[in-house]
Amino acid sequence: MRRLAVLLVILICAASPLMALSSANSKSTSDLLDVQSSGEHIIHLGETIEAIITVKNQGSDTTIIDFSYELPGNISISNLPNDFTLVSNQVRQFRFYFSCDDFASYNTVLAYVNITSDMDSIIYANEFTLIISRQSDLRFGVTEDSEFIVDPGLRTNLAVNMTNFAQFDDDVSFSITTNSGWTWGWDMDYVENGKAIESIEIGELIFARLWIDIPKVIDSNPLYLSGPRFSLTATSSLDRAEVTWSFDLLMSEFRNVTLDSRGEDLQLDPDSNGRLPITIKNSGNIENRYDLELQIVDEFGTIVDSIPASDRIEYQGWIVAIFGGYEDELIIPTNKRTFEIGFQSPNQNQGKIDVRLSIIPVGAITRTIQIDLTSEIIWNRDFATDLVSQECTILPTESCNPIFRITNNGNYQDIFRIEAVQIPTFVTLENGQISLEIPKNTYVDITDITITAIEGVEAFSNSQVIFNVQPVGITNAVQTVAFDVVIAPKIDWSIQDLTEENDALGRFNIAMTLRNNGNAADGIIVQLQCSHYTPMTLIPPTNSVTEPGVEFPRSFEINDIDFGSNFTVRAWAEIPTDQNSNGTMYLNISIRSSFSPDEPISFTTAVDYVGVPWQVEYTKETDEGFSEILSTTVEFVYAWKWILLSILASTLIIGKAFFDRRDRNQQMEFINQLGNQSSSPQQDDWMAKFSKKVETDTVIQSPTISPENFTRGFQSKSSGQKPITTPVEERLRDAANLVLDTHDKSTVVKEADELLDSITITGINSPAQENTKLEMKDYNPNMTERSDPQNLLNEKTSSQEYTKKVPLPENDDLDF
């Protein structure tokens, strides 16, 4: 009957148009209210359970909601209000209770809680499914969570007992939940959809059996004493009650090591060292130490038993050792450590060594890892050549010594062979083939190669001398060294002939023949100079270069004079006829080579001339004008007599002073002679440069002078007997002295008056204040560094030695 009554209530609710639809979620929603309620509940006889309804006012106004309910038999409700006021957007959760009496039947019933609002006429029906069930009582044999230590890489089996303490038989389903990806499974008879199902009678004890595959420790995961949690849940079929037992699987210790990285095998230079890095990682799950050992292995990988394992090994000149191992320090899991294996190679150009490195985790010798390492000597035969000095511009029969450098950039001493592969025909070569040994990282300068030009080779002949340099035993490593060889021009001009003559036009003519004895076609620059201002010129050849627009060129340039050929230079100069005295005219011809203009060839010649007073030719007009000149002279002397007398007096005074000074100088010379001091200063002869003669291949005949001209030349230099001058009157001399003394005294008095006026106005000048700050120091001649390689400062020389004098002519027209 109860079941029929419940069914009737359900049909009435479904047929009512004013009742909102309800579902297992029991949710009713409109524009005004949003109502949610819990759906299905399990209730036992005599038990009270809690239910929940959540209401939200979605309207903009405050509303009052009313509660009503419809309950099946044997079910009662409590703690539910009749009405409640909800403001706009307010959410309210209502907790109330369903109670079942002790006499209800075991079945499923429906209860309804309806909500209405004063703002609309909608009924919000909330359906609650109440399952009146038998009460289960399942219990595991353990009451607390458990922990198990497991080994990696193994399958672990577990079994736990369960007892049914309820008053009814129960079909129990078992399930496993875990946060790990470990593989697990059931060891039971009936398994469906991952769950194990077991029927348990009243008071019966059973075992739930399962297995779990423990993974290996990879990259230190899981760590020691860590692992996932598993939860075994038993669900009763009577009232869906769940009983859970949780257990943790903790990983046991696992000691391991892995090679994280290693350096490349070493290639070393002879007598050098290098280090190979090794990085290991603690891939176990517990901190640990590691032992390191080295062993020598042969080319077949077999350990050489005669050499014990160690952290430092010496074998056949090699030294191998471990650096930075720190074997006593712990490495925590997942951490890395880098150490180095050092290799010291012997001083030889080839060799190889193989070693085996053993990395042993402490406490896990079976997990030792071994690494084979190799170090090999590589002979690098690199070298370089550089030109140090390649200047080889030489004259015929001369030699040069070019220098080049060989640098051994290799890593071992090496032997190099030097061989000349190209030699020009106009030179000869000495030491063209050399072998030498050069240590590593050093160089040797090759200085004993001699290149000699053969005799008679033409200038500007050029080519290269080429050497090949290569290490002995290598044919493809050749470097070339090339030296440029140039034959320099030889400048050699000689005078073959010289002709001098005076022609009827009063000119002094010169013809000089030169010969090019060099080894190249040369050019010359000819210049003409004269000691007197007189017309003169060079006679340039037709193919020469002269200054344009000049009638009488004094220089010209000519090129391309073949070696071995002659060339004649011609010039003339007019002999002076307007000089007041006899003399000598000097002609200087400078010849400069185009290849060497800084080294001129100079030639000087001379010719005598006669002054005007000694020339024989006198004209009649000169005799007739003599009387007129004499009268003019007398008138001039009379008009300027007083001035002439003053000049005469001054001349006498100056003459006396001159003679007095001469006497004093003679006395000083006499005193210097007594003191063994030289008083004859060296005089520079400014005419000496005109007396230089050029050496010629032939003897040049000097011009001849007749005895009459020779006698006349000496007579022309004599001025004859001079008349005795009249002494100056005593009165005139005293007057002159008085005038000079008065002038000197007046000057001194004027300067003294100006000094006294200055003292009266400004006072006596006091020393400057800065003078008080200057300390008096003795003179020290060594404070200044002097460059005196000839020790001239220490020699006692007369001041007259530093005075260069030009000697006056012994007899001239200016003598008093």
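Modeller: The largest cavity is lined by Ile280, Tyr290, Leu292, Gly325, Ile331, Arg337 and Phe339. Two elements each give two or more residues to this lining: strand E24, residues 290–297, and strand E27, residues 336–344. Sorted by class, the lining holds five nonpolar residues, one polar and one charged. The space inside comes to about 30 Å³. The structure has one cavity of 30 Å³ or more. Keep in mind that this is a predicted model. As for the idea behind such a search, rolling a probe the size of a water molecule over the atoms shows where empty space is left.

Now to the cysteines. Cys392 and Cys400 form a disulfide, with 1.9 Å between their sulfur atoms. The cut-off for a disulfide is 2.5 Å between cysteine sulfurs, and by this rule the count is one. The torsion about the S-S bond of Cys392 and Cys400 is about -55 degrees, so this disulfide is left-handed. Are its two ends buried or exposed? Buried means under 20% relative accessible area. Cys392 has 2% relative accessibility, so Cys392 is buried. Cys400 has 7%, so Cys400 is buried as well. Two other cysteines can be judged by that cut-off. Cys100 counts as buried because its relative accessible area is 5%. Cys530, with 18%, is also buried because its value is under the 20% limit.

Five strands make an open sheet in the order E3-E10-E9-E5-E7, and the pairing is mixed. At its edges are strand E3, residues 40–43, and strand E7, residues 83–86, each pairing on one side only. On average, neighbouring strands of this sheet are turned by 30 degrees against each other, direction ignored. What holds such strands side by side? Strands of a sheet pair through backbone hydrogen bonds, either parallel or antiparallel.

Technical notes. Residues are numbered from 1 along each chain as its sequence is written. This is a predicted model: local features need pLDDT of at least 70, side-chain atom pairs count only at pLDDT 80 or more; totals for chains, interfaces and linings use all residues. Side-chain values use heavy atoms; hydrogens and water are left out. Buried means under 20% relative accessible area, exposed over 50%, partly exposed in between (1.4 Å probe, protein chains only). On a 1 Å grid over the protein atoms alone, a cavity is a set of points where a 1.4 Å probe fits but cannot get out, and a pocket is an open set with protein on both sides within 12 Å along at least five of seven lines; lining residues have an atom within 4 Å of a point. Grid points are joined across faces, edges and corners, and a volume is the space filled by probe spheres set on the points. Helices (H or I, at least four residues) and strands (E, at least two) are DSSP runs, numbered from the N terminus. Ala, Val, Leu, Ile, Met, Phe, Trp, Tyr, Cys and Pro count as nonpolar, Asp, Glu, Lys and Arg as charged, and the others, Gly among them, as polar. Two strands pair if DSSP finds at least two bridges between them. Axes are lines fitted to C-alpha atoms, for helices over the stretch in contact, and angles run from 0 to 180 degrees between N-to-C directions.
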